[in-house]
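Please look through the sequence and the model below.

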Protein chains: 2
Amino acid sequence: MPDTLGAPRGEALLFLTDEQLRQGIEAMFFAYRGFTADPDRILSTLSYGRAHHRAIHFINCAPGTTVNNLLNILGVTKQSLNRVLRTLIEDGLVESRVGRADKRERHLYLTEEGKALERQLSDAQRARMRAAYRAAGPEAVVGFRQVLEAMMDPEMRRNYMKLREGRE
Amino acid sequence: MPDTLGAPRGEALLFLTDEQLRQGIEAMFFAYRGFTADPDRILSTLSYGRAHHRAIHFINCAPGTTVNNLLNILGVTKQSLNRVLRTLIEDGLVESRVGRADKRERHLYLTEEGKALERQLSDAQRARMRAAYRAAGPEAVVGFRQVLEAMMDPEMRRNYMKLREGRE
DNA sequence: GACACTACGTCAGCCTTGTTGACATTCCAA
DNA sequence: TTGGAATGTCAACAAGGCTGACGTAGTGTC
């Protein structure tokens, strides 16, 4: 069977077989379940859900972010986000400040209590991630990140990069 | 600062910093969105959801699987699964056969129509996975899989391995 | 100043998909 | 025969998505 691409020969492309891809798909499914399991347990005791976790996470990452900005990152409607945000503000975990330059905007911040919950959630999630990283080793981690980045929608990849830059 | 573990020195553990872990967490979040985006688009035109996709996927992987078995793999209640299965059976995508050895059990199979939808969904999902694999390269794929496997709950890892063995 | 537009909040209603609890049926096995 | 396992089904409920409509406040433009 001739190699239509020229450079890499058949065997070098074994990682692109349907069976390999299928295993990757299932690995994503099962791993994502593990990924969310620990925070989910904590949240359920507080009658919060994953949606609250996501909001808390990204507000913590980018303090002072606007509602619109958060909407784009999370990829939900403002009505959905608002429901979550309202409870977090009522419960004193998030503070909403009217913008100085543009008073239509609301800038979101975690309160001390909000930061405490964020820490609790991300400690649990990081512990699992750390264990997985340690078990797999540094080279595997590089590969892991490369594949994940390549799997994102371009727009989400931009959001992802932006968040990283903001912390460097 | 002394190295408490002995062997690897500080720099070798840079991949375990909180910032690295945080980036990994966000990468998982954004990548999973991409991972499900293509099937979701197809499903929404058929008034099906992700739950239907998951059922179809695993019935296709393990034809003749029982309801209970599927329950364990998917990690949902029988009532939840039943609602999904009922619509799939009504729509003629899934066939439920009474067990021969144990007539309490129902063995699940995809019909031709079900297989066609499965193919449509998995083609879309594999296309994205293939693009990501190709962009990242074979070494990255190995690392990707290693980290994902390490991130699973032990019970889910067993399910994952079992599915793989069944196809080899 | 009038007007269009933007950012945000909110109300109402709908859908999917998860949950619990209760109960019927069927059938295997002790 | 009787207990328990596997399954199906009904009802009720909640989280968290969605759309559509409407209100309000602030911005920017003509």
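A phosphate oxygen of DNA strand C is 3.2 Å from a side-chain N or O atom of B:His52, and another such contact, at 3.3 Å, involves the side chain of A:Arg86 and a phosphate oxygen of DNA strand C. These are polar contacts (a pair of N or O atoms within 3.5 Å; within protein, one must be able to donate a hydrogen and the other to accept it, and residues adjacent in sequence count only if both atoms are side-chain atoms). A base of DNA strand C is also reached: one of its oxygens lies 2.7 Å from a polar side-chain atom of A:Arg104.

This is a predicted model, in which local features need pLDDT of at least 70 and side-chain atom pairs count only at pLDDT 80 or more, while totals for chains, interfaces and linings use all residues. Residues are numbered from 1 along each chain as its sequence is written, chains are lettered from A and ligands numbered from 1 in the order in which they are written, and side-chain values use heavy atoms, with hydrogens and water left out.

Around DNA strand C there are 23 residues, and those that come nearest are A:Lys78, A:Arg104, B:Gly49, B:Arg54 and B:Arg83. Here a residue counts as near a strand if one of its heavy atoms lies within 4 Å of it. By class, this surface has four nonpolar, nine polar and 10 charged residues. Nonpolar means Ala, Val, Leu, Ile, Met, Phe, Trp, Tyr, Cys and Pro, charged means Asp, Glu, Lys and Arg, and the others, Gly among them, are polar. Of the atoms of DNA strand C within 4 Å of the protein, 59% belong to sugar or phosphate and the rest to bases.

DNA strand D is surrounded by 24 residues, with A:Gly49, A:Arg54, A:Thr77, A:Arg83 and B:Asn68 the closest. Sugar and phosphate make up 54% of the atoms of DNA strand D that come within 4 Å of the protein. Which helix gives the most to the surface near DNA strand D? With four residues, that is helix 2 of chain A. Helices are DSSP runs (H or I, at least four residues), numbered from the N terminus.

How do the two protein chains relate? Chain A can be laid on chain B with an RMSD of 0.1 Å by a turn of 180° and a shift of 0.0 Å along the axis, the copies being superposed by least squares on the C-alpha atoms of residues with pLDDT of at least 70 in both. That is the relation of a two-fold axis. In chain A, A:Phe144 has the C-alpha nearest the axis, 1.8 Å from it.

Aromatic rings also join the chains. The rings of A:Phe29 and B:Phe58 have centres 5.4 Å apart and planes at 50°, so the pair is tilted. Rings of Phe, Tyr and Trp (its six-membered ring) pair if their centres lie within 6.5 Å; planes under 30 degrees apart count as stacked, over 60 as edge-to-face and the rest as tilted. Because A:Phe29 lies in helix 1 of chain A and B:Phe58 in helix 2 of chain B, the pair joins two chains. Both A:Phe29 and B:Phe58 are buried, that is, under 20% relative accessible area, where exposed means over 50% and partly exposed in between (1.4 Å probe, protein chains only).
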